[in-house]
Amino acid sequence: MKIKAYMILIAGAAFISSCKKEVLDEKPPTSVSITDAIKTENDMADAVNGMYATMRSSNSFGRDIPVFGDLLTDNIYISSSNSGRYLAQNNYSFTVANTEVDDIWAQNYYTILQANRIINAPLASTPVSNQLRGEAYTARGLAYLELVNFFARPYTTDPNAEGVPIVTSFQGPTIKPSRNKVSEVYTRIITDLDSAYLLMPATAPAGLPHPASSEYIAKYAAKAIEARAYLYKGDYTNARDAALAVVNSGGYSLVTAANFAGYWANPAATTNKVETIFELALNTATNNGTAGLDYIYNPAGYGDMLATNDLYNSYSATDVRRGL
């Protein structure tokens, strides 16, 4: 018995020593390291889709950011019959108990994390990878634009005020970066949007893994967001020039008044550059349900948000938007 056991041990050891190292050095099937995640253009396209998914969240552009924009500028008010959401914001009361504020911070830095993975991926420059990186640069610039406007003083008030932390690479989940100045954040935003504009071709490159539609960032979407950034910065000359670049060279057009309501009732993405420069794909498959932007406005949903008389009266009697 001892001799047999000894022979089995020797045979087992010989078998193990003959195995290749990679057989024993398996990687976890449910997680991929950052260095291994993006190795092909299809990998990068998958990562870009994941980045857009973070932007669609109800904690970001999927509800909270647009609602804050309307509510804090008095375009809307909360119905007396409401679901209890955004009552603190309606009173301009912000405390550590405001979960929406915390969510906007966390969700936008999650978008920045996903954009950083794409921007820093070790993938050679090609027309397709340039387009996808450009989309990531644009998303990162947009996320920082929202963060610096929600969590810092306006640039026009104090460009040297404390802004938000600039993080452009993965440094681990426990880092606590210090806040950059407002001026530094705007420099980062403009740099990202300029980089995106230079990288992305005017038309979608051949072999692009995702559709060329309004649901994906295109070259002049970066320039349109840059116009907004310059406007907030108080740099009106550059804001005008960026906006004119979109108008004169972007190839976009507007629908007629007769087709306006029908256009906005149609959930399909546009491929002909009509009316919409960029929109997030909150469709029947990817919508946020009762946590969605539509549900908070729609009388058939919560119906919490109502247009103010001032907003209604700002449209002329012949403006098609007033009828809506």
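The paragraphs below lead through the salt bridges and the helices of this structure. The model is predicted, so that local features need pLDDT of at least 70 and side-chain atom pairs count only at pLDDT 80 or more, while totals for chains, interfaces and linings use all residues. Residues are numbered from 1 along each chain as its sequence is written, and side-chain values use heavy atoms, with hydrogens and water left out.

A search of the whole structure finds seven salt bridges, a salt bridge being a side-chain nitrogen of Lys or Arg within 4 Å of a carboxyl oxygen of Asp or Glu. One of them joins the side chains of E162 and K181, at 2.8 Å from N to O. This pair links distant parts of the chain, for E162 and K181 both lie in the loop between α8 (127–150) and α9 (182–199), 19 residues apart; helices here are DSSP runs (H or I, at least four residues), numbered from the N terminus. E162 counts as partly exposed because its relative accessibility is 34%, and K181 counts as partly exposed at 31%, where buried means under 20% relative accessible area, exposed means over 50%, and partly exposed lies in between (1.4 Å probe, protein chains only).

In helix α10, K223 and E226 are three residues apart and therefore separated by about one helical turn. Their closest N and O atoms are 2.9 Å apart in a salt bridge, and both residues are buried. Helix α10 spans residues 219–233 and also holds Y232, which is partly exposed at 35% relative accessibility.

Helix α11 (residues 236–249) contains A243, which is partly exposed, with a relative accessible area of 33%. Between A243 and A224, 19 residues apart in sequence, the C-alpha to C-alpha distance is 6.0 Å.

Definitions and conventions:
Helix = DSSP H or I, 4+ residues; strand = E, 2+ residues; numbered from the N terminus.
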